[in-house]
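This report goes through one chain, from its overall make-up to individual side chains. The sequence and the coordinates come first.

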Amino acid sequence: MVDEKVNRVDEPVNGWELALLLFGGFRTLVDALHAELAAQGHPHARPVHGFAMQAIGRRGATGTELGRRLGVSKQAAGKTVDRLIALGYAERADDPHDARRKIVRLTPHGLDCLARSARIFDTLRASWAARLGPDRVADLESALRTVVPSDALRVDAPGWLGA
């Protein structure tokens, strides 16, 4: 049975609702992002792929570095890399500084996915500003910058979420 009190604005606010609303906002944005990415030629991209591609970055990363950045084991990072390679988003290459290591790098397809993601997020932000008003969105962002520590903005969500 569905709780009829969910999302009722006339009920007293409970502390746990803030976390759920923030997570719901995150999910709303990420789900809309992935629907649009699919329409723009990236139908197999998933949120975990975005976190991993951000962690790989433009300079690339070793499997160990990637695992640390994502907050997962080297083996779990390797599985994600294998999937990114299968989808054409990444490749393994020799490390020019150490012949014993491999570097994971983004391919042009992976870079395209990240560039499209940035543009789509800009569009989604603009749609929120159109619905809520630009000042309210700016106030929300400002308030969140005040309470969210800068070190909380990491790409290790897969590890944090237990993926």
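## Basis and overall make-up

Two residues are in contact when they have heavy atoms within 4.5 Å. In this chain, residues 24 or more positions apart account for 53% of the contacts with a separation of 6 or more. The model is predicted, so to speak of local features requires pLDDT of at least 70, and side-chain atom pairs count only at pLDDT 80 or more, while totals for chains, interfaces and linings use all residues. Residues are numbered from 1 along each chain as its sequence is written, and side-chain values use heavy atoms, with hydrogens and water left out.

The chain has seven helices and two strands. Both kinds of element are DSSP runs numbered from the N terminus: helices are H or I with at least four residues, and strands are E with at least two. Their order from the N terminus is α-α-α-α-β-β-α-α-α.

## Surface and burial

Accessible areas come from the Shrake-Rupley method with a 1.4 Å probe, and for residues only the protein chains shown count as cover. The chain exposes about 11,300 Å², of which carbon and sulfur atoms supply 57%.

A residue is called buried under 20% relative accessible area, exposed over 50%, and partly exposed in between (1.4 Å probe, protein chains only). Of the 163 residues, 29% count as buried.

## Salt bridges

The criterion for a salt bridge is a side-chain nitrogen of Lys or Arg within 4 Å of a carboxyl oxygen of Asp or Glu. By this rule the model has eight salt bridges. One of them joins Asp82 and Arg92, with 2.8 Å between the closest N and O atoms. This pair links distant parts of the chain, ten residues apart: Asp82 belongs to helix 4 (residues 74–86) and Arg92 to strand 1 (residues 90–95). Asp82 is partly exposed at a relative accessible area of 40%, and Arg92 is partly exposed at 41%.

A salt bridge also forms between the side chains of Arg105 and Glu91, at 3.0 Å from N to O. Because Arg105 lies in strand 2 (residues 98–106) and Glu91 in strand 1, the pair ties together parts that are 14 residues apart in sequence. Arg105 is partly exposed, with a relative accessible area of 37%, and Glu91 is partly exposed, with 31%. In the salt bridge of Asp98 with Arg100, the N to O distance is 3.0 Å. Asp98 is buried, with a relative accessible area of 18%, whereas Arg100 is exposed, with 77%.

## Arg46 and helix 2

Arg46 sits in the loop between helix 1 (15–39) and helix 2 (47–56). This residue is partly exposed, with a relative accessible area of 42%. From C-alpha to C-alpha, Arg46 and Asp31 are 9.3 Å apart in space, and they are 15 residues apart in sequence.

In helix 2, the buried residues are His49, Phe51, Ala52, Met53, Ala55 and Ile56. Gly57 follows helix 2 and has a positive phi, near 70 degrees.

## Ser117 in helix 5

Is Ser117 buried or exposed? Ser117 is buried, with a relative accessible area of 10%. Its place is in helix 5 (residues 108–132). Apart from its neighbours within four places in sequence, Ser117 is in contact with Leu33 and Leu37.
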